[in-house]
Amino acid sequence: MATPPPPTTAPPGTGNFEGGPMPAAPQPPGTDMTGICFRDQLWLNTYPLDRNLVFDYFALSPFYDWTCNNEQLRMRSIHPLDLSQLSKMTGIEYMLNEVMEPHLFVFRKQKRDGPEKVTPMLTYYILDGSIYQAPQLCNVFAARVSRALYYISKAFTTASSKLEKIGYVDSENESEEVKPAKETINFKEVKRVDHILASLQRKLPPAPPPPPFPEGYASAPTADTEKGPENQQGESQQPSADPIIDQGPAKRMKF
């Protein structure tokens, strides 16, 4: 079994015995670091990633808190995930919560106030060698709700715009129905109809004379008979003409 590598950087406050620069201060507990990930390919090529060495790999990441109880166990050459030792201490600690070797390792950062009293704080996971901070449940719900509200508002905006267009088209149709249609006169069609009527008039025989009245028939007096003889003579002088045949298309105004 490969031996775990020694810590590459000393915890804050212990100094650097080789005279190198002091390591950067670690992130305070509760810092949101969901936007970054950590991966050390050189370490992964050198050591196997299993439950015995996974904590040493996690300690290289910026997510690791050097003031945790696990670091105190490492300095005492005790396995940092020894629950029998961690349960006797109080403060910040990391626990290996779930393992699916060699792809997935889930660490839970928690605060221990007693052997049976712990308060979860943050969760980290190692997926195929890359270390991430898991988002908190409230942040996940807030992101999902905001995304749902965005799509709902977008759907209502689209629907309202389409309804406005439909109402505008309906109002236009109603206004078009109210307006009376303008009839246009086609003079070519009028001339063609006149020509057809004139040709039919030439082909038809003349109308027969009306039959004579029987003997002894006296027509009832009308308003025309009561008129004076001068009016009757004037009306008798006007030739009887059929208003459709004799005064047909020949007598119409030519355009």
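Nine bridges join β2 to strand β3 (residues 104-112), and the two run antiparallel. This is a predicted model: local features need pLDDT of at least 70, side-chain atom pairs count only at pLDDT 80 or more, and totals for chains, interfaces and linings use all residues. Residues are numbered from 1 along each chain as its sequence is written, and side-chain values use heavy atoms, with hydrogens and water left out.

**The sheet**

Two strands pair if DSSP finds at least two bridges between them. Strands (E, at least two residues) and helices (H or I, at least four) are DSSP runs, numbered from the N terminus. Five strands form an open sheet, ordered β1-β5-β4-β3-β2, with antiparallel pairing. The edges belong to β1 (37-38) and β2; each has a single partner strand, so one side of each is left without a neighbour in the sheet.

| Strand pair | Bridges | Bridge partners |
|---|---|---|
| β2 and β3 | nine | Gly91 and Arg112 |
| β4 and β5 (residues 130-133) | four | Ile126 and Ile131 |

The one from β3 to β4 passes through five residues. The hairpin of β4 and β5 has two residues between the strands, and Asp128 in its turn has a positive phi of about 55°.

**The aromatic rings**

A pair of aromatic rings is described by the distance of the centres and the angle of the planes. Here, rings of Phe, Tyr and Trp (its six-membered ring) pair if their centres lie within 6.5 Å; planes under 30 degrees apart count as stacked, over 60 as edge-to-face and the rest as tilted. The structure holds 17 such aromatic pairs. In one of them, the ring centres of Phe55 and Tyr64 are 5.6 Å apart and the planes stand at 85°, so the pair is edge-to-face. Phe55 and Tyr64 are both buried, where buried means under 20% relative accessible area, exposed over 50%, and partly exposed in between (1.4 Å probe, protein chains only).

Tyr64 also pairs with Tyr94. That pair is stacked, at 5.6 Å centre to centre and 25° between the planes. Tyr64 lies in the loop between α2 (54-58) and α3 (69-75), and Tyr94 in strand β2 (residues 91-100), so the pair ties together parts that are 30 residues apart in sequence. Tyr94 is buried, as is Tyr64.

Ring pairs extend this into a cluster of Phe55, Phe58, Phe63, Tyr64, Trp66, Tyr94, Phe107 and Tyr124.

**Whole chain and surface**

The protein has seven helices and five strands. Of its 255 residues, 21% are buried. Contact means heavy atoms within 4.5 Å. Among contacts between residues at least 6 apart in sequence, 47% join residues at least 24 apart.

Accessible areas come from the Shrake-Rupley method with a 1.4 Å probe; for residues, only the protein chains shown count as cover. The protein exposes about 19,500 Å², and carbon and sulfur atoms supply 59% of it. Val145, Leu149, Ile152 and Phe156 make a nonpolar surface patch of about 420 Å². Such a patch consists of residues with over 30% relative accessible area and no salt bridge, with nonpolar side chains joined within 5 Å. A salt bridge is a side-chain nitrogen of Lys or Arg within 4 Å of a carboxyl oxygen of Asp or Glu. Leu149 belongs to helix α5 (residues 137-178). Leu149 is exposed, at a relative accessible area of 52%.

Technical notes: Patch = residues over 30% accessible without salt bridge, like charges linked within 9 Å, V, L, I, M, F, W, Y side chains within 5 Å.
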